[in-house]
Amino acid sequence: MTRDAPQRLLFVQHGWADTNGAMARLAKRLAPPHTRIIAPNLGWWRTWWRIDPLVHDVATIAQQTLTQYPQVPLRIVGHSMGGLIWLEVLHRYPQWWSRVESLILIGSPVSGSDLGRMIDPLGVGLGMARDLGTNRRVMASAIAAQIPTLSIASNTDGGSDGLVMRGATQFDHAHWLELPDIGHAAQRNAPRIDQAILDFWHSPQPPAPLPQVPDISLSDISSQVIQQLRQVPGMTDGHMRHFTKADLWATLSTGLNLFIWNNTVQVTHVFVGFHQGDCLFSC
């Protein structure tokens, strides 16, 4: 390492319908001394089209920076789609994993955006909807098994941050933190999220050994059903607000049941819950 080299690289990435301003400011608030901040601006309009060109751009910038500083460790923070972009980058460049001190995703729909699936239910490629609706949970879990990972969610309406479903931010081996009453766009400027990032940097946790399921006391069969539903191709975590509209579909055991409901565009929603009105999971 040369005398002028930074001690650490901090990559921050904005998401959909955004530019790099807020994430660059987040990095400046949090970066320790002697940190080089890399905050690519991918262009507001380009975030509406396809994710692959954005992944390519971030990977190119990262490759150039890592080559310039071959011995400097890095930290990564991605907001919303920015987190998905970095999952794709790390998936394509596993040789970088050993240099990553931590990966932090903020409001990232890892299992797929419910809104994206509703806009493009058949995955035909309507703008960014198909890419946002893609389930990357297996990819993310493999990365989190090797890199200390924190996924931060918020809950403003009983099931989401107003845009991303809380369940969509959960995946195996990642540590999961939910902070109430922070809207999706406000996450980039929220002091509580700043503090959560600083806390994780101060004491990064090794990969979590247990699957991440909703924070409720679940029986073994409940956990198994939820995990199986999450593995269904094309399935994304949904909101629980429509549980009361759903019809009983199948009775499992110990009072646990599956319910289904079709919205106005005939997208089927599946709920795991009880007749008494308690919903454990929605997709």
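**Close-up views of a predicted model**

**View 1. W16, W44, W45 and W48 are linked into a cluster by ring pairs.** Rings of Phe, Tyr and Trp (for Trp, its six-membered ring) are taken to pair if their centres lie within 6.5 Å, and the planes count as stacked when under 30 degrees apart, as edge-to-face when over 60, and as tilted for the rest. This is a predicted model, in which local features need pLDDT of at least 70 and side-chain atom pairs count only at pLDDT 80 or more, while totals for chains, interfaces and linings use all residues. Residues are numbered from 1 along each chain as its sequence is written, and side-chain values use heavy atoms, with hydrogens and water left out.

**View 2. Y93 and W96 form a stacked aromatic pair.** A search of the whole structure finds 5 aromatic pairs, and in the one formed by Y93 and W96 the rings are 4.3 Å apart, centre to centre, with 10 degrees between the planes. Y93 is partly exposed, with a relative accessible area of 25%, whereas W96 is buried, with a relative accessible area of 6%; buried means under 20% relative accessible area, exposed over 50%, and partly exposed in between, for a 1.4 Å probe and protein chains only.

**View 3. Helix α2 (residues 52–68) and helix α3 (residues 81–92) cross at roughly 65 degrees, and their axes come within 9 Å.** Axes are lines fitted to C-alpha atoms, for helices over the stretch in contact, and angles run from 0 to 180 degrees between N-to-C directions; helices (H or I, at least four residues) and strands (E, at least two) are DSSP runs, numbered from the N terminus. The contact (heavy atoms within 4.5 Å) is made by D52, L54, V55, V58, A59 and A62 of α2 together with M81, I85, W86, E88, V89 and R92 of α3.

**View 4. F11, I85, L87 and L90 touch the most other members of the largest nonpolar core, which has 38 residues.** Such a core is a set of buried Ala, Val, Leu, Ile, Met, Phe, Trp, Tyr and Cys residues joined through side-chain atoms within 4.5 Å. The largest share of this core, 7 residues, comes from α3. Leaving aside its neighbours within four places in sequence, F11 is in contact with several residues, including I38, A62, L66, V77 and W86.

**View 5. Helix α6 (residues 137–144) is mostly covered, with 6 of its 8 residues buried.** The buried residues of α6 are R137, M139, A140, S141, I143 and A144.
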